[in-house]
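Please look over the structure shown here before reading on.

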Amino acid sequence: MKKVVALLITLMAFSVFGELKFGYINAERIMTEYSESKKATEELQKLSKDRENEAMKMEAELKKLDEELKNMSMMLSEDKKREKMEEGKKKLVEYQAFKERVWGSEGELARKNIELTNPLLKKINDAIKVVSEKEGMDYVFDATNGTLVYSKPDYDLTDKILMELNK
C-alpha cells in the first residue's frame with residue numbers, strides 16, 4: 001500500500017511539475033566572470049590595500065614610540081615619560097578609530113562594497129529576468145546556494161499569504 005501511495009504521489013508531482021520549466025544559474029561564476037564585477041573587485045582591493053598601508057604606518061609609529069619609551073625611560077624625567085605615554089595612548093586611540101572607520105561593519109570598505117555591488121546586482125537581476133522570460137522559464141534557482149532568483153509573477157503567493165495572515 002505504501003508503495004502505491006508513493007507511486008501516486010510521484011506521478012502527480014511529475015504531472016504538475018512537467019508543465020513547469022525550471023532553470024538554474026551559478027551566481028558565484030557570474031560574479032567572478034562578469035567584467036564589471038571584476039573591475040569592482042579590483043577597485044575594492046586597491047582601496048583595501050591603500051588603507052592597509054596607512055594602518056601599517058600607524059602601527060610602525062606606535063611601535064617606535066613604545067621602543068623610545070622603553071629605551072629612554074631611565075633618561076627621561078617623570079613628566080617626559082607621562083608625555084610620551086599620553087602621546088602613545090592618543091596614537092593608539094587614533095589607530096583603533098581608524099581601523100573601525102575603515103574595516104568596521106559600517107566602515108569605509110563596507111560602504112564602498114555596497115556602492116560598487118548594488119548596481120552590479122541590479123544589472124545581473126535584470127539580465128536574469130530578461131533571459132528567463134525569453135527562455136520561458138517558470139523558476140530559476142541559484143545552483144550555488146539553492147535560492148530562487150526568478151519566478152513568473154503568477155506563481156507568487158506572497159500577497160495571498162499576507163492577506164491570510166492579516167485577516
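## Asp142 and its surroundings

Leaving aside residues up to four places away in sequence, Asp142 touches Ile25, Asn26, Ala27, Thr147 and Val149, where contact means heavy atoms within 4.5 Å. The model is a predicted one, in which local features need pLDDT of at least 70 and side-chain atom pairs count only at pLDDT 80 or more, whereas totals for chains, interfaces and linings use all residues. Residues are numbered from 1 along each chain as its sequence is written, and side-chain values use heavy atoms, with hydrogens and water left out.

Asp142 belongs to strand 2 (residues 139-142); helices (H or I, at least four residues) and strands (E, at least two) are DSSP runs, numbered from the N terminus. Asp142 counts as buried because its relative accessibility is 6%, given that buried means under 20% relative accessible area, exposed over 50%, and partly exposed in between (1.4 Å probe, protein chains only). Although Asp142 and Tyr24 are 118 residues apart along the chain, their C-alpha atoms are separated by 5.5 Å. The side chains of Asp142 and Thr144 are joined by a polar contact of 2.7 Å, a term for a pair of N or O atoms within 3.5 Å, of which, within protein, one must be able to donate a hydrogen and the other to accept it, while residues adjacent in sequence count only if both atoms are side-chain atoms.

## Helix 3

Helix 3 (residues 35-72) has 38 residues and should span 56 Å at 1.5 Å a residue, which agrees with the 55 Å between its end C-alpha atoms; the expected span is 1.5 Å times one less than the number of residues.

The buried residues of helix 3 include Ser37, Ala40, Leu44, Arg51 and Leu69. Among the elements that cover the buried residues of this helix are helix 2 (27-33), helix 4 (78-103) and helix 5 (108-134).

## The protein overall

The secondary structure comes to 6 helices and 3 strands, and along the sequence these follow the pattern α-β-α-α-α-α-β-β-α. Strand 3 (residues 147-151) contains Leu148, a residue that counts as partly exposed because its relative accessibility is 42%.

Of the 167 residues in the protein, 20% are buried. Among contacts with a separation of 6 or more, 63% are between residues 24 or more positions apart. The accessible surface is about 13400 Å², and 58% of this belongs to carbon and sulfur atoms; such areas come from the Shrake-Rupley method with a 1.4 Å probe, and for residues only the protein chains shown count as cover.
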